[in-house]
Amino acid sequence: MEEPPALAVSALNKTFGSGFEALRDIDLEVSRGEIFGLLGPNGAGKTTLISIICGLVNASSGWVRVNGHDNVAAFRAARADVGLVPQELTTDAFETVWATVSFTRGLFGKPLDPAHIEKVLRDLALWEKRNSRIMMLSGGMKRRLLIAKALAHEPRVLFLDEPTAGVDVDLRQDMWQLVRTLRESGVTIVLTTHYIEEAELMADRVGVINRGELVLVEDKGELMRRFGGKRLTLYMPEPLESLPAGLDATGDLQLAADGYELIYTYDQDGQGRDIAALLTELSQAGIRFTDLHTEQSSLEDIFVSLVREKQ
């Protein structure tokens with residue numbers, strides 16, 4: 001029998017009492033052991049979607065299953081498989097690090113396991129702070145504590161909601177190393193982030209949500225291939241007033257910087273005229289250049305264009 005996906009969401013809608021439609025017809029599947037990046041501008045519905053999946057907010061309609069467990073009909077089983085790293089720490093400031101992480105494990109009905117708690121704290125560089133009260137921790141240490149609490153009950157699906165917003169570079173690097181280690185152990189990761197370069201670096205697939213709608217879900221490589229573009233810029237010693245007749249028959253060439261730059265745009269697959277042939281055409285037309293530069297669209301460029309299309 002085929003295993004169910006780590007996460008399945010179908011026809012999910014959420015309308016708040018005020019009439020605000022936060023989510024509209026969300027369908028999503030996330031495979032076991034996958035890192036899925038959920039991207040969207042502020043207010044797009046990212047946190048609402050995660051809150052519904054984790055059982056913190058009720059959906060208006062539709063359903064969610066975590067490892068095959070319906071998160072309403074089998075709430076305890078579904079919730080036990082989920083770990084959530086929220087954006088803010090809400091816990092008793094007078095508790096110690098060890099006590100709050102151990103208590104969180106107990107909330108999920110898990111037996112005491114000091115060895116597991118120790119491993120989590122060591123992995124997050126919190127072991128030396130295990131007896132410190134939460135109010136004595138720095139901002140970075142509190143963020144590490146959020147992750148430790150989420151991992152206390154050994155979840156199989158981990159949600160990271162803006163995990164590196166406002167943290168220092170060292171913590172960010174530590175966190176992504178931890179994410180890689182968790183994925184290697186079979187944990188499925190769903191992350192929302194404003195740092196799109198992190199999604200580009202870490203995620204296997206990417207979903208873009210905007211105004212409550214899941215605009216696109218795509219394998220990251222395929223997304224870059226389909227929507228990414230490349231650009232070749234040629235720098236000329238003398239400005240061109242216009243392109244020679246016939247040179248820009250396909251509309252992929254344009255002048256910039258008052259005629260000192262010639263820009264050739266082509267897609268990620270290299271579809272379009274051959275660059276060597278283009279350079280030969282330019283030479284035959286008497287156009288000389290002193291330097292050239294190539295660049296390609298980043299995931300951020302693609303994200304911005306997709307969101308703009310849906311405005």
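**Labels and their grounds**

Mentor: Of the 311 residues in the protein, 44% are buried. The model is predicted, so local features need pLDDT of at least 70 and side-chain atom pairs count only at pLDDT 80 or more, while totals for chains, interfaces and linings use all residues. Residues are numbered from 1 along each chain as its sequence is written, and side-chain values use heavy atoms, with hydrogens and water left out.

Trainee: Why is Glu 34 called buried?
Mentor: Buried means under 20% relative accessible area, exposed over 50%, and partly exposed in between, with a 1.4 Å probe and protein chains only. Glu 34 has 7% relative accessibility, so Glu 34 counts as buried.

Trainee: Where is Glu 34 found?
Mentor: In the loop between strand 2 (21–30) and strand 3 (35–39). Helices (H or I, at least four residues) and strands (E, at least two) are DSSP runs, numbered from the N terminus. The protein has ten helices and 14 strands.

Trainee: What makes the link between the side chains of Glu 34 and Arg 205 a polar contact?
Mentor: A polar contact is a pair of N or O atoms within 3.5 Å; within protein, one must be able to donate a hydrogen and the other to accept it, and residues adjacent in sequence count only if both atoms are side-chain atoms. The Glu 34 and Arg 205 side chains are joined at 2.5 Å, which means the distance is within 3.5 Å.

Trainee: Which residues does Glu 34 touch, leaving out those up to four places away in sequence?
Mentor: Arg 183, Thr 188, Ile 189, Asp 204 and Arg 205. Contact means heavy atoms within 4.5 Å.

Trainee: How do you know that strand 1 and strand 4 pair?
Mentor: Two strands pair if DSSP finds at least two bridges between them. Strand 1 (residues 7–15) and strand 4 (residues 61–66) have five bridges, in the antiparallel sense, so they pair. Val 9 has Val 64 in strand 4 as its bridge partner.

Trainee: What joins strand 1 to strand 2?
Mentor: Six bridges, with the strands running antiparallel. Leu 12 has Ile 26 in strand 2 as its bridge partner. The hairpin of strand 1 and strand 2 has five residues between the strands, and there Gly 19 takes a positive phi near 100°.

Trainee: What is the order of the open sheet of four strands?
Mentor: The order is 2-1-4-5, with antiparallel pairing. Strand 2 and strand 5 (69–70) are called edge strands because each pairs on one side only.

Trainee: And what is the order of the open sheet of six strands?
Mentor: That order is 6-7-8-3-9-10, with mixed pairing. Its edge strands are strand 6 (82–85) and strand 10 (213–219). Strand 9 (residues 205–210) pairs with strand 10 in the antiparallel sense over six bridges, and Asn 210 stands opposite Glu 213 in strand 10.

Trainee: Which strands does helix 5 lie across?
Mentor: Helix 5 (residues 139–151) lies across strand 6 and strand 7, running at about 170° to strand 6. Axes are lines fitted to C-alpha atoms, for helices over the stretch in contact, and angles run from 0 to 180 degrees between N-to-C directions. Helix 1 (residues 46–53) lies across strand 1, strand 2 and strand 4, at about 120° to strand 1.
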